[in-house]
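Subject: Structure for you to look through

Dear colleague,

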Amino acid sequence: MSASTTGVTALESQTMSRVSWRLMPFLLAAYVICYIDRVNVGFASLQMNKAVGIDPKTYGLGAGIFFIGYFILEVPSNLALERFGASKWIARIMLTWGLVSGACALIGGPNSFLILRFLLGAAEAGFFPGVILYLTYWFPAVYRAKIVGIFMVGIPLAGMIGSPISGAILGMDGVLGLGGWQWIFLLEAIPAVLLGVVAFVWLTDKPKDARWLTSEQQAWLTATLETERTRAPRIPHMSVWKVMTNKYVLIMALVYAGAAGASTSLAYWMPQLVKPFGLTNFETGLVNAIPFAIAAVWMVLWGRNSDRTGERVWHNALPLAWMVVAMILTFWSHSLWTIIPLLTLVAAGTYASKGPFWALSSEWLGAGTAAAGLAQINALGNLSGFFFNYLIGWIKDETGSYAAALMPIAIVATIGTICVLVIGRNQPRTRKVVVAVAE
């Protein structure tokens, strides 16, 4: 039963509307900025690589080494969020990554490039799984695919908004003696620092602390979430180490690896893929935005349908499958007019799968395992970004073919599609919890 059916009471509707409007615009804006700062090196590379002497292999290594720092600190960061509260910890993450992102303007060669990319990953670690954990504090399970989809639409929005902006900023080359690529890092770091300050006062840790909810709304939301926590999860309470090595956590990390690898590879390499078709930097930014714009809309619609039907497994598997098909078809694509539709299908697949994926993962994890489990899935899944981006740089350098370079991602995504269908074959549909609140 969906949250959109007639079973929704006025109290539930008002409560969830107020929670959504309070939290989601801020979190979505933060994720857009987060992702722009993570991947703006893709546009910076159009000038930076030649300016400081970075070859394709080193660029691929630097794009990927971000995920090493990210991986090391992901679980500790999520545990810290649970201990210190979301408002403090998310603010700390945003301030740190903003400062490191701005410092990337100081890159002077391969070594400083690799060091700063590693530090950026370490600074950002915990933001995404921290927000996914935070959303479980506020949204009942029946809302989560749509809500996570809305949050994660920040990724394609970052591509849609950031691509033309970054392309335009490259035109500032020479202003105040700085390269256009340096201005990208400096200007796009400022919003992260500003929003990090705002997070201290805007985010509320738990429903019981929300003065912007009525007492009746607080009671209903708290009771609903507590009732859901009494359900027996697939992954019950256990030690952090056992959570991190649990077979379902490891399998879901593998499932996520294909989608995460495709997502980061699009962001890091697509500008270099489309610019050789005779485009200027600004035109590259506009064309680069097209797949992300279409994927943003599809992502929300797909997550909404998953919540409406209560189905998670096929809503995860089908986007991964069509993403693989589109990657394979790039072997026969030799013009801008054919490559853009295929890249759009790849983008739509990787992003559409994510809302149902994180809804399914959070439903499998109990309250005592969610912090470590969600962080471990995200950390291991995103670790693929290190290997995939290095492989793309290496394969492209050796063969000259971007299509061949995408094949490792296609293979992992195929394995992930099969895994989610196998382990999710007996997964029941998500049902709505009905809670009576005393008048």
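Serine 77 touches Trp89, Arg92, Ile93, Ala125 and Gly126 when residues up to four places away in sequence are not counted, a contact being a pair of heavy atoms within 4.5 Å. This serine has its place in helix 3, residues 56-84, where helices are DSSP runs of H or I with at least four residues, strands are runs of E with at least two, and both are numbered from the N terminus. At 5% relative accessibility, serine 77 counts as buried; buried means under 20% relative accessible area, exposed means over 50%, and partly exposed is what lies in between, with a 1.4 Å probe and protein chains only.

Before going further, please note that this is a predicted model, in which local features need pLDDT of at least 70 and side-chain atom pairs count only at pLDDT 80 or more, while totals for chains, interfaces and linings use all residues. Residues are numbered from 1 along each chain as its sequence is written, and side-chain values use heavy atoms, with hydrogens and water left out.

As for the chain as a whole, it has 18 helices and zero strands. Its radius of gyration is 21 Å, close to the 22 Å that the globule rule gives for 439 residues, so the chain is as compact as a globular protein of that length; the radius is taken over C-alpha atoms, and the rule is 2.2 Å times the number of residues to the power 0.38. The C-alpha trace spans about 65 × 45 × 40 Å along its principal axes, and buried residues make up 62% of the 439 residues. Of the contacts between residues at least 6 apart in sequence, 84% join residues at least 24 apart. The chain exposes about 16700 Å², of which carbon and sulfur atoms supply 68%, as given by the Shrake-Rupley method with a 1.4 Å probe.

Which residues touch the most other members of the largest nonpolar core? Of its 143 residues, they are Leu27, Trp97, Phe127, Trp138, Phe151, Met152 and Trp358, a nonpolar core being a set of buried Ala, Val, Leu, Ile, Met, Phe, Trp, Tyr and Cys residues joined through side-chain atoms within 4.5 Å. Helix 1, residues 10-39, gives this core its largest share, 16 residues. Tryptophan 138, with its neighbours within four places in sequence left aside, is in contact with residues including Met16, Val19, Leu23, Asp205, Trp212 and Leu225. Helix 1 also holds proline 25, which at 40% relative accessibility counts as partly exposed; proline 25 and alanine 410 are 385 residues apart in sequence and 33 Å apart in space, C-alpha to C-alpha.

Serine 87 lies in helix 4, residues 86-103, and is buried with a relative accessible area of 8%; leaving aside its neighbours within four places in sequence, serine 87 is in contact with Ala199, Phe200, Leu203 and Asp205. Leucine 116 is found in helix 5, residues 110-124, and is buried with a relative accessible area of 14%. Again leaving aside neighbours within four places in sequence, leucine 116 is in contact with Val100, Ala103, Cys104 and Ile107, while its C-alpha atom is separated by 17 Å from that of leucine 383, 267 residues apart from it along the chain.

Not counting residues up to four places away in sequence, methionine 172 touches Leu178, Gly180, Trp183 and Leu187. Leucine 176 is found in the loop between helix 8 and helix 9 and counts as exposed at 72% relative accessibility; its phi is near 55°, a positive value in a residue other than glycine. Within helix 9 lies valine 193, partly exposed at 26% relative accessibility, which touches Leu95, Gly98 and Leu99 when residues up to four places away in sequence are not counted.

With best wishes
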